[in-house]
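Please keep the viewer open and find each residue or element as it comes up.

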Amino acid sequence: MEEYWDDGEEFLPVQPVISRNEQPHARSNDAPRGRSYNSNSYNKEYSANGAGGNFREDRPRNSENDFSNRGRRTFSRGGRNERNWRPNEESSRGGRNERNWRSKEETSRGGRNERNWRSNEESSEIQIDSNFVGRVIGRGGSKIQELQTESGAHIKILQDSDVEGSTSVRLTGSPEAREKAKTMIEELTTDFGRMSTNRNFHNPNNSENTSSFTNEVKADGINTFIDWDELNKKYHEEKEKQLAALPKLIKNFYKEDPVVAAMTKQEVNQFRAENNNITVMNVDTDDNKPIPNPVTTFEQAFQHYPELLEELKKQDFSKPSPIQSQAWPIIMSGYDLIGIAQTGTGKTIAFLFPALIHIVGQITPREERVGPSCVILAPTRELAQQIEVEARKYSYCNITSVCIYGGGSRRDQINVVTKGVDIVIATPGRLNDLVMNKIINVSGVTYLVLDEADRMLDLGFEPQIRKIVLDIRPDRQTIMTSATWTNEIQKLAARYMKKPIKVNVGALDLAAVHSVTQQVIFAEDEDRRAILEEFLASMKDDEKVIVFVERKSVADDISSDLILRGVELQSIHGDREQIDREQALNDIKTGYVKILIATDVASRGLDVKDITHVFNMYFPHNIEEYVHRVGRTGRAGRTGTAISIFTRQDWMHAESFIKILEEADQFVPKELYDMADRYRAWKRKKEAEDAEGGFRRRGRGGGRRRF
């Protein structure tokens with residue numbers, strides 16, 4: 001019986017020719033040539049012996065050569081009706097010079113010299129980490145097919161793995177093809193640490209095939225392990241050389257005012273306690289550096305920078321906010337800072353003014369620097385744009401800035417960046433895109449800000465942040481702001497900051513701003529729309545509201561319904577075009593509309609100082625987002641009101657919601673306490689049932705059966 005091989009894939013044996021009268025059904029004229037689409041003849045056409053048996057049962061299975069033939073077409077030779085499945089290729093059927101359609105090599109079929117290239121060509125094996133076999137295979141086998149096509153070698157993942165967690169990959173083909181396939185797989189698995197090759201595996205001339213794989217590798221002189229310690233040492237040496245070649249970095253620009261320096265420890269503690277209970281500490285336990293005293297006036301912080309003092313006077317600020325009072329002396333002294341504070345407390349100016357001084361104070365002239373000097377990363381477009389608005393309010397030494405974000409015109413952003421800017425305010429995704437494409441060079445960045453770091457982690461931006469920071473000089477100054485101090489934020493700080501000082505304004509636990517009155521409405525799910533409409537009808541002319549919903553489709557539905565009723569409003573969510581989002585923000589800021597329907601994309605970075613109400617039509621999925629929603633009102637010394645609809649589906653948030661209300665001295669309804677008690681009881685009951693159910697399953701034969 002003849003068999004044909006094609007790049008490692010097995011073709012079916014030749015089928016006997018079936019006459020037209022013997023075929024149970026004639027082929028439709030519309031069907032492709034050479035294949036019957038009749039279900040009754042399926043098994044006959046695709047069976048290994050031409051009979052009507054089941055394909056998978058009748059077909060012989062040959063260990064490594066058992067490949068799928070789904071979609072392959074068989075062809076016979078020597079009949080009037082025979083059809084080559086590749087009709088455009090010429091073939092001489094029945095003659096000695098008949099050509100294989102893929103290999104183009106002349107073969108003699110039926111003779112003793114017929115060769116199977118897989119059987120006679122040499123094979124080799126490489127070892128890869130078993131945890132990363134999926135990377136070599138790819139989704140649906142796409143990657144391994146690509147490797148085979150590009151290298152010309154057949155690649156097979158062997159099923160067995162050794163005790164050290166390695167899996168063998170067999171390469172079959174010419175030496176050049178195997179070497180190319182090996183190189184390509186090594187590039188895919190470059191991070192996996194261990195890679196070895198047995199060049200003589202399945203070589204018929206090799207008399208040592210019975211020896212262990214490891215011994216053969218060592219006999220060939222191939223190093224089985226990569227010395228990561230040596231590589232890391234060389235990496236750090238190169239980094240030190242690069243750092244030594246960089247211009248000197250100046251971080252300390254602070255000149256302490258005599259009044260501030262003369263403050264006693266008691267006076268410092270009293271000032272911090274009176275200003276939202278400021279707490280300051282060195283994050284590293286072995287760090288004992290002194291912490292600068294807080295400033296109480298703008299003059300104490302910027303008396304040596306009169307231009308900045310003039311800019312502050314233009315904004316009619318009376319005194320620094322609590323976070324600014326403590327953060328400015330720390331940042332201007334050159335220390336890394338972690339600022340934990342509520343939204344709307346002046347964190348942007350807290351890191352922006354020291355950035356301006358830092359940029360101007362470096363030794364290298366600004367026109368000679370490569371790329372920007374300062375990078376500010378923000379989680380959302382709206383927050384990035386808000387930071388840009390704040391940066392453009394203050395003119396200092398002609399410092400320029402640009403805001404780049406996904407959804408905006410990439411070409412316009414590139415045009416501005418390539419002209420040269422001092423400050424880049426960006427979302428991580430777009431900045432990483434421009435850095436990877438070598439449009440922005442961040443190697444000259446000396447001042448890095450991670451604003452709303454907790455939100456960036458929630459949105460999954462840490463991989464992009466990591467790639468960006470890798471290109472920034474390691475002796476930079478880093479500032480991080482966050483509304484929470486979670487384990488994830490602590491890990492982020494440990495990874496990217498050096499001996500930082502943490503400034504916390506207010507309680508370390510999550511808390512809402514105290515200038516907002518918080519109200520709760522208990523209702524059924526179907527009553528949400530009626531409650532919202534009743535509230536909107538009661539609004540006064542000088543009031544503005546942001547209505548938060550849970551989904552983008554709900555925002556569109558409510559907006560279109562109210563607009564058809566003649567209600568003037570705007571909406572904002574992630575699926576709207578950037579120009580529409582900017583128009584919506586401009587309309588609510590200027591007062592053209594009084595109502596903004598929004599998802600949580602507007603819960604951070606939206607700075608509209610005259611928002612009077614926040615209406616939570618749907619309670620958020622986590623209490624952190626509730627705090628940020630509430631922070632959209634009661635800003636810049638104003639008061640506000642937050643109204644939340646609370647349903648039975650929200651009972652898992654009742655306990656944390658109570659803590660927020662109690663911390664802010666707000667009224668807590670009895671229904672909320674009852675709901676929290678019921679949820680705790682239900683949770684204990686469920687845990688007990690799960691534990692009992694698990695015990696019963698384990699008692700009936702040792703656990704779940706594996707199939």
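This is a predicted model: local features need pLDDT of at least 70, side-chain atom pairs count only at pLDDT 80 or more; totals for chains, interfaces and linings use all residues.

1. In total, the count comes to 15 aromatic pairs when ring centres have to lie within 6.5 Å of each other. One of these pairs is formed by Phe619 and Tyr626, whose rings are 5.3 Å apart from centre to centre, with 20 degrees between their planes, and this pair is stacked. Both partners are buried, Phe619 as well as Tyr626.

2. The charged end of Arg495 sits over the ring of Tyr496 at 5.8 Å from its centre, while Lys502 lies over the face of Trp485, with 5.4 Å to the ring centre.

3. Turning to the sheets, you can trace an open sheet of eight strands, with mixed pairing, in the order S7-S14-S8-S13-S12-S9-S11-S10. Its edge strands are S7 (279-282) and S10 (401-404), each of which pairs on one side only. On average, and with direction ignored, neighbouring strands of this sheet are turned by 15 degrees against each other. Within the sheet, S9 (residues 374-377) and S12 (residues 447-450) pair in the parallel sense over four bridges, and the bridge partner of Val375 is Leu448 in S12.

4. Another open sheet has six strands with parallel pairing, and their order is S15-S20-S19-S16-S18-S17. Here S15 and S17 (570-572) are the edge strands, each pairing on one side only, and the twist from one strand to the next averages 20 degrees. S17 and S18 are joined in the parallel sense over three bridges, with Ala598 in S18 as the bridge partner of Ile572. Helix H23 (residues 578-590) packs on this sheet, where it touches S17 and S18, and its direction makes about 130 degrees with that of S17.

5. Which residues of helix H21 (residues 528-537) are buried? They are Arg528, Ile531, Leu532, Phe535 and Leu536. Because they cover an arc of only 135 degrees around the axis, these residues lie on the same side of H21. On the other side of H21, Glu534 and Ala537 are exposed.

6. It remains to ask what the buried residues of H21 pack against. Their partners are helix H22 (552-564) and the strands S15 (516-522), S16 (545-548), S18 (595-598), S19 (613-616) and S20 (640-646).

Methods. Residues are numbered from 1 along each chain as its sequence is written. Side-chain values use heavy atoms; hydrogens and water are left out. Buried means under 20% relative accessible area, exposed over 50%, partly exposed in between (1.4 Å probe, protein chains only). Helices (H or I, at least four residues) and strands (E, at least two) are DSSP runs, numbered from the N terminus. The arc is that of the directions from the helix axis to the C-beta atoms. Contact means heavy atoms within 4.5 Å. Rings of Phe, Tyr and Trp (its six-membered ring) pair if their centres lie within 6.5 Å; planes under 30 degrees apart count as stacked, over 60 as edge-to-face and the rest as tilted. A charge sits over a ring if NZ of Lys or CZ of Arg is within 6 Å of the ring centre and within 35 degrees of the ring normal. Two strands pair if DSSP finds at least two bridges between them. Axes are lines fitted to C-alpha atoms, for helices over the stretch in contact, and angles run from 0 to 180 degrees between N-to-C directions.
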